[in-house]
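This report describes the model shown below.

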Amino acid sequence: MDGAVRFVLGLDAHEARGLPPTTTVLAYLRDHCRRVGTKEGCAEGDCGACTVVLGEVDGDGGAIRYRAVNSCIQFLPQLHGKQLITVEDLRGADGALHPVQQAMVEEHASQCGFCTPGFVMSLFALLHDAGAGGRAAVDDALAGNLCRCTGYAPIIRAAQKILARRGADKFDAARKTTVKKLRAANDGETPTIRCNGQSYFAPRTLRGLLQLRARHADAVLVAGATDAGLWVTKQLRRFGAVLDTGRVAELRRLRERDGVLEIGAAVTYRDAAAALTRHYPALGELLRRLGSVQVRNAGTIGGNIANGSPIGDMPPPLIAAGGRVALRSVRGAREIALEDFFTGYGRQDLRADEVLEKILLPLPPAGLRFNVYKLSKRFDQDISIVCGAFALRLQKEKVAAIRIAYGGMAGVPKRARRTERALAGKTWNESTVAAAAAALEQEYTPLSDLRGSAAYRTLAAKNLLHRFYSDTTGGDVVNLARPLQ
Amino acid sequence: MTGARPALTTVHQPLPHDSARLHVTGEARFIDDLPEPRGLLHLAVARSGHAHARMRKINLAPVRAAAGVVRVLTAADIPGANDISPKGLGDDPVFADGLVRFYGQALFAVAAADRDSARRAARLAEVDYEPLPAVLSLEQAVAREEYVAPPLLLERGDAARAIAQSEHKIKGRLCSGGQDHFYLEGQIALAVPGEDGAMLVCSSTQHPAEVQRLVAQALGLADGAVTVEVRRMGGGFGGKETQAAQWAVIAALAARACNAPAKLRLDRDDDMVMTGKRHPFVSDYEAGFDGNGRVQGLALTFTADCGFSADLSGAVNDRAVLHADNAYYLENVSIRSLRCRTNTVSNTAFRGFGAPQGMLAVERVMEHIASHLGLDALAVRRKNLYGIRKRNTTPFGMTVTDNILPRIISRLATTASYKKRRVAVINFNRAHTARKKGIALAPVKFGVAFTTSFMNQGGALLQVYTDGSVHVNHGGAEMGQGLFIKVAQVVAEELQVDISRVHLSATRTDKVPNTPATAASSGADLNCMAALIAARKIKQRLTAVAAHSCGVAESAVAFHNGEVAAGKTRLSFAALARRAWLARVPLSATGFYRTPKIHWDAKQKRGRPFLYFAYGAAVAEVVVDTRSGESKVERVDLLHDAGRSLNPAVDRGQIEGGFVQGMGWLTTEELWWDAAGRLQTHAPSTYKIPACADLPADFRVEIFAAGRNREPTVHRSKAVGEPPLMLAIAVFNALAQAAAAAHGKHAPPAVDAPATPERLLLAMQKTAAA
């Protein structure tokens with residue numbers, strides 16, 4: 001409880017103290033470390049100019065996993081026990097460019113240069129993430145980095161070169177000593193940070209979290225800070241107390257039990273992706289387009305639900321799949337259907353001393369046809385205009401069960417119960433679907449806003465039902481969001 | 001020069017950007033990266049909460065009382081003029097003075113010890129507004145004849161009669177939205193007061209000389225007391241041509257008032273709300289044509305949303321008019337241009353400067369004619385292209401002397417297999433209902449020079465030191481376009497020294513004065529030429545020194561690859577420089593270039609506003625999902641003319657980047673204002689510029705190999721900054737075709753820009769109902 005944030009900066013042990021806990025990592029780097037290579041482009045995690053890489057010891061194996069995040073919406077204490085790598089760290093001891101930097105120069109991949117450090121760091125993370133190469137992988141890795149000058153072509157060429165040349169770098173060479181430093185930084189309790197009337201708690205147990213929650217009714221819960229970060233950078237809010245759920249062991253757990261996938265509220269999109277995709281392949285594609293690598297590395301499904309956004313991407317498919325949420329306080333625990341958690345625009349069924357503990361997702365029963373479609377102005381890293389999710393079971397051509405949920409159509413993510421009723425028991429064919437689509441039109445009265453008009457939303461929502469029908473019957477459906485062959 | 005080293009060729013080489021290594025290591029300094037001077041104050045600007053209102057009262061007491069606040073600055077604190085109009089019109093206040101004319105207008109600035117304190121305090125003012133009726137649509141503006149500049153009419157022949165007498169006629173309307181520049185580095189300025197009233201302003205600006213003038217004007221100083229510096233911008237695209245000035249002026253006002261350095265860096269949301277954008281246009285057209293699609297008469301009306309003040313809207317709309325022909329000979333044409341004043345942010349320069357909107361309209365006309373006649377749109381375009389010897393004068397009387405478009409189009413149509421793929425698209429559309437495809441070829445002809453003739457001047461200052469190293473300054477500002485490396489290449493080549501010997505530093509008004517904005521694609525044309533002229537002066541002096549000291553004729557002196565041969569004597573360039581110094585010969589020279597041949601008669605609307613045209617063409621193939629309106633650009637082929645490219649790597653970057661930026665304008669980038677006139681798309685979370693995956697999977701880019709400027713530009717190169725943006729019109733036309741294909745063969749193109757999923761889907765829907 002010494003109040004110091006201990007982490008590894010580059011390859012060296014580092015300590016930060018005496019700063020308000022909602023100081024962003026970006027502000028810390030630029031204002032306190034004179035590391036000005038990392039840039040602020042938007043201060044909301046949407047442009048990637050501030051991308052840095054975090055290293056964490058991966059299990060007990062002594063490997064380090066490197067993940068790109070947006071430093072503009074990470075709070076300094078979130079670094080505790082981690083390795084922070086910025087663009088300044090990449091050059092070799094002799095001043096030689098890192099292979100990522102070298103390839104960027106060779107391919108003329110910078111013009112104005114302002115977004116470049118962010119791209120370099122995203123590519124650094126891609127290089128260390130022994131994933132697949134190819135255009136699609138590069139697009140996904142860079143979806144969170146905006147460049148206004150190059151049109152991306154030379155950056156893609158550089159990325160392909162980097163992946164083709166893969167080899168060890170100085171961070172690989174220093175792995176063993178870095179792991180030691182990381183373990184030392186992570187030793188013992190996570191510090192509580194107090195400064196200027198602000199407190200930051202990062203409990204390691206659920207019990208600890210619940211007690212703090214009971215004591216600090218006005219505390220802001222933060223998991224990945226991909227949303228709460230903006231409350232600070234954009235709304236200029238000052239949090240009295242912050243409860244960081246990101247270190248609570250129980251909330252970081254992901255497990256399958258009794259036909260249910262339990263996703264701890266602090267499990268990141270990134271960490272949940274494999275299990276979700278295994279059971280619900282359609283969720284893999286949705287997750288790929290949710291935020292960006294940087295956002296998915298920090299953000300959590302729990303946060304996406306707890307914030308109650310009407311256009312969060314995860315609630316519609318989770319509702320369609322029959323998801324439930326487990327809520328807990330020092331007084332006890334309860335479980336409710338996810339659709340009942342959202343009680344109105346900006347309101348959730350969550351009591352002052354409660355926290356969202358986990359999401360309970362039933363594993364798909366045999367024969368379940370499940371899909372989710374997201375419409376947005378831009379395919380990657382955009383927020384839904386409309387998101388429609390469908391879970392259907394047929395029995396001899398007839399609809400035995402169907403659950404439909406939409407985002408972007410009401411003040412909350414909402415089930416299409418009338419439409420479901422219009423389909424229940426009917427033969428699954430074009431005319432039933434057309435009749436149900438008419439019911440769907442009566443179901444919602446969406447708003448016109450910056451993302452889309454009510455007319456578009458209504459029409460598109462109906463068409464998504466048609467698309468689902470085509471999908472289940474082998475019709476002509478192509479996902480344009482994916483690179484075409 | 002037998003036995004001399006081979007000449008060094010530095011121009012036309014694909015050298016990396018001079019700052020490439022600094023970019024990738026994060027060592028390239030932008031203004032916010034500079035070490036902060038002691039006692040630095042941070043500024044924030046308060047925004048108005050109404051689109052049009054009188055401010056009855058404003059209570060700043062809570063602002064002044066807020067933690068960390070040092071000073072609050074309002075219109076009353078401006079010692080000089082409260083105006084940043086680039087034309088001196090007095091319609092562009094630094095701070096609103098009594099009257100608010102758009103939502104987000106600057107009301108006052110707060111200087112505080114840190115940036116967040118300033119931002120917090122700026123939100124605390126209590127303003128008592130008396131709302132006034134706001135003009136928020138072009139219809140309202142036209143009805144009230146609210147214009148920032150008088151309407152303009154350019155005519156040749158008799159369009160109305162020609163249309164009336166034509167065998168075929170069409171009529172239509174195309175709306176195109178604005179576009180935010182979304183430079184990654186937002187607006188920023190750092191002002192440092194000097195001795196005796198002097199002021200140094202580091203500004204992220206494309207136009208340091210204008211910032212200098214406006215800072216001096218606001219502070220009541222002589223221009224000579226103000227120095228403006230810009231080493232590099234994190235992108236400009238026109239958004240920092242005039243609109244960087246306000247923030248520089250505010251920083252300087254605060255620095256002056258507090259006698260302390262002051263920095264103003266806009267938050268992204270503030271930047272997007274408070275700075276102008278590309279002009280939204282409504283383009284009405286009426287065309288008459290023959291059975292082959294050749295236009296006999298065309299009448300166009302451009303109605304542009306200029307926002308609350310004139311800014312550069314006059315010139316922007318002029319350029320739209322001057323590019324309404326694009327690549328086509330229009331014998332009988334009338335082009336009317338209305339420059340509307342609305343209660344929105346003042347729209348400004350944006351890469352292309354009106355030309356994209358002008359071209360988009362005539363390209364829609366070509367598509368509409370083709371669908372009307374059931375012809376291939378490329379065949380219609382070919383029928384209308386400017387001729388080589390005939391049909392080769394523009395509506396404003398300029399002869400198109402170097403029309404290489406027929407060659408470019410032929411080559412591109414072949415390399416892109418246009419014919420074959422068009423058939424495949426038609427067949428695809430017959431076979432599919434859930435998806436439709438489109439393929440389009442669009443040409444670009446873009447006039448190069450500022451249409452305001454006097455601005456076509458460039459200056460440079462070149463200095464050689466006694467070790468033979470060279471230092472160059474010029475009037476151009478680097479914003480990523482590779483201007484500095486091009487200048488360095490030209491100087492290195494002329495002096496025959498290695499490029500590593502040529503040093504460039506920040507563009508400053510005290511090094512090269514009275515420069516134009518780095519804009520209109522003219523940066524390299526003007527500044528490379530000015531640097532070349534300076535280098536020639538120095539070279540001439542060095543030649544004289546070499547000749548004199550070696551006792552040979554000047555004609556026997558030659559510069560080759562770091563060496564100078566004078567008869568039989570060989571000297572290193574450095575030794576010669578030292579020799580010149582000892583001989584008391586000045587090793588510093590200025591270069592000055594004015595673009596020749598250009599002239600413009602504003603009354604007659606005739607002349608030669610451009611020195612030459614740059615050309616290019618694009619083929620784009622797209623697919624649209626008929627249920628969602630989602631679309632994807634599958635393949636793009638570009639062929640673009642850069643003259644003899646000064647640096648093919650840099651130019652390729654401009655072509656690729658310009659194209660994608662244009663694609664963003666026409667597809668995903670949508671600005672959305674609510675009914676109260678508030679911009680709701682003011683951050684990357686809501687305003688979507690292209691992302692990596694939007695680059696077509698199959699993207700083929702070629703620089704026209706035979707390119708060579710007929711005009712004596714620097715090494716026969718051509719400007720390449722803006723023209724490629726308009727290649728993206730091919731994408732838009734292909735999307736409109738695909739949407740029309742949802743309704744059979746002859747449906748006219750009906751999609752407005754940007755072609756978002758919503759516009760595409762509703763267009764497909766609407767035409768179906770009709």
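## Domains and confidence

The centres of domain 1 of chain A and domain 2 of chain A, taken over C-alpha atoms, are separated by 39 Å. In the domain assignment of chain A, domain 1 covers residues 99–168 and domain 2 covers residues 380–472.

The model is predicted. For the complex, the predictor reports an ipTM of 0.97 together with a pTM of 0.98. In chain B the average pLDDT is 97, and 98% of the residues score at least 70.

## Contact between chains A and B

On the chain A side, 68 residues are in contact with 73 residues of chain B. Five helices of chain A each supply at least two residues to the side that touches chain B: α2 (99–106), α3 (116–128), α4 (134–142), α5 (153–165) and α18 (454–472). The largest share of that side, 8 residues, belongs to α18(A). By residue class, the side of chain A that touches chain B comprises 36 nonpolar, 18 polar and 14 charged residues.

An α-helix has 3.6 residues a turn, so residues three or four places apart point the same way.

For α18(A), the 19 residues should span 27 Å at 1.5 Å a residue, and the end C-alpha atoms are 27 Å apart, which agrees. Gly474(A) follows α18(A) and has a positive phi, near 75°.

## The largest nonpolar core

Which residues touch the most other members of the largest nonpolar core? Among its 423 residues, they are Leu43(B) and Ala251(B). Helix α15 (residues 523–550) of chain B provides the largest share of this core, 15 residues.

When residues up to four places away in sequence are not counted, Ala251(B) touches Leu43(B), Ala189(B), Leu190(B), Ala191(B), Val201(B), Ala262(B), Lys263(B) and Leu264(B).

Methods
Residues numbered from 1 in each chain as written. Chains lettered and ligands numbered in written order. Predicted model: local features only at pLDDT ≥ 70, side-chain atom pairs only at ≥ 80, totals over all residues. Domains from an automatic or database assignment. Contact = placed C-beta atoms within 7 Å. Helix = DSSP H or I, 4+ residues; strand = E, 2+ residues; numbered from the N terminus. Nonpolar A, V, L, I, M, F, W, Y, C, P; charged D, E, K, R; others polar. pLDDT = per-residue confidence, 0-100. Expected span 1.5 Å × (residues − 1). Core = buried A, V, L, I, M, F, W, Y, C linked by C-beta atoms within 7 Å. Buried ≥ 20, exposed ≤ 12 C-beta atoms within 10 Å, placed from the backbone.
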